[in-house]
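Please look over the sequence and the structure shown here before reading on.

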Amino acid sequence: MQWLEPTGKTRLIRYGDREILFHNQKSADWTHPYGYGEEKSDLCGAGCGIFAIAHAVEWMTGRRIDVEALADFSVQNGGRDDTGTDRPALLSAMQRAGLAREMGFEYRFDGLRNDHQALAGVLEAGGAALCNLRVGHIVCLVDIRERGGEKQVLAMDSVCESAREKLRDSVRECVPGSEIVFRVKNAAGLEVGRAVQYALFWVPLSLPMDFNLLHKL
C-alpha cells in the first residue's frame, strides 16, 4: 500500500453542496497555547471544544472563524478549565459578549442536556450541537436523518475517532472523502505506521450525551 502524506492542520471536506474547512487536531502543528493555570497545553492537546465550535459555525453559516482567537477568548473568559473546555462557561461568555450572534447562532444558557428530542429539533431546524460521544472528548453534531427506523446524527470529530474501540460499533456510516491520515508513534516517539480514520460519521441519535444546543439565527 502506498500511503498518502499525513493530513496537515486543515483540509477541505466536501459534503453535498458544502465545503467545510476541517481542523485536524491530530496535527502537531497546532501549537497555539490553550493552557489552564500552570498547565501549558496547546490546541493540539486540548482544543477539541474550540475546533468543535469552529466546525459547527461553518456548517450552520458558512463562516470560517479564527480558532486561535477563540482559544484566547476562552482562556480569558473562564471557558478553559482543568479538564479542557468548559462548554457552558465558554458558550455563555460568547452569548453575553455578542460573539455567538456574530458567528450566527444563539446559546440559551441551558448547560449540558440529555434531551434527545430537543437535540433532534435543533438539528432539524438547521442548528448544531456540541456533545460527548465518549467522556472527555467534544465533537459537534451537524445533521440528522432516519435509516431503517433509526434516527441518526452526523458527527464531525477533530480527532477522527470513528475507529476508536469504544465508539466504532456505534458508527453507522463513515462519509467518503472525510478520511484523515495520521502518523502512529510508539512510546519512544518512533513512527511505526500510519492510519486512516474519518472526520464525518453517522451515529444513533441516542448515543450523544451532555450536549449544548446551538440555535441557528
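Is Arg-164 buried, partly exposed or exposed? In this predicted model, Arg-164 is partly exposed, since its relative accessible area is 36%. Its salt-bridge partner is Glu-161, with 3.4 Å between N and O, and Glu-161 is buried at a relative accessible area of 8%.

**Salt bridges**

- The structure contains 13 salt bridges, and among them is a network that links Asp-110, Arg-113 and Asp-115.
- Arg-64 and Glu-58 form a salt bridge in which the closest N and O atoms are 2.7 Å apart; Arg-64 is partly exposed, with a relative accessible area of 47%, whereas Glu-58 is buried, with a value of 5%.
- Glu-150 and Arg-172 also meet through their side chains in a salt bridge, at 2.9 Å from N to O. Because Glu-150 belongs to strand β8 (residues 150–156) and Arg-172 to the loop between β8 and β9 (173–174), this pair ties together parts that are 22 residues apart in sequence.
- Glu-150 counts as partly exposed at 24% relative accessibility, and Arg-172 counts as partly exposed at 40%.

**Largest pocket**

- The largest pocket holds about 390 Å³ of space and is lined by 21 residues, with Thr-83, Gly-84, Thr-85, Gly-136 and Ile-138 lying nearest its centre.
- Elements that each supply at least two residues of this lining include α4 (87–97), β6 (128–134) and β7 (137–147), and the lining comprises six nonpolar, eight polar and seven charged residues.

**Second largest pocket**

- The second largest pocket, with a volume of about 310 Å³, is lined by 13 residues, of which Pro-6, Lys-26, Ser-27, Ala-28 and Arg-183 lie nearest its centre.
- Its lining divides into four nonpolar, four polar and five charged residues.

Methods
Residues are numbered from 1 along each chain as its sequence is written. This is a predicted model: local features need pLDDT of at least 70, side-chain atom pairs count only at pLDDT 80 or more; totals for chains, interfaces and linings use all residues. Side-chain values use heavy atoms; hydrogens and water are left out. On a 1 Å grid over the protein atoms alone, a cavity is a set of points where a 1.4 Å probe fits but cannot get out, and a pocket is an open set with protein on both sides within 12 Å along at least five of seven lines; lining residues have an atom within 4 Å of a point. Grid points are joined across faces, edges and corners, and a volume is the space filled by probe spheres set on the points. Helices (H or I, at least four residues) and strands (E, at least two) are DSSP runs, numbered from the N terminus. Ala, Val, Leu, Ile, Met, Phe, Trp, Tyr, Cys and Pro count as nonpolar, Asp, Glu, Lys and Arg as charged, and the others, Gly among them, as polar. A salt bridge is a side-chain nitrogen of Lys or Arg within 4 Å of a carboxyl oxygen of Asp or Glu. Buried means under 20% relative accessible area, exposed over 50%, partly exposed in between (1.4 Å probe, protein chains only).
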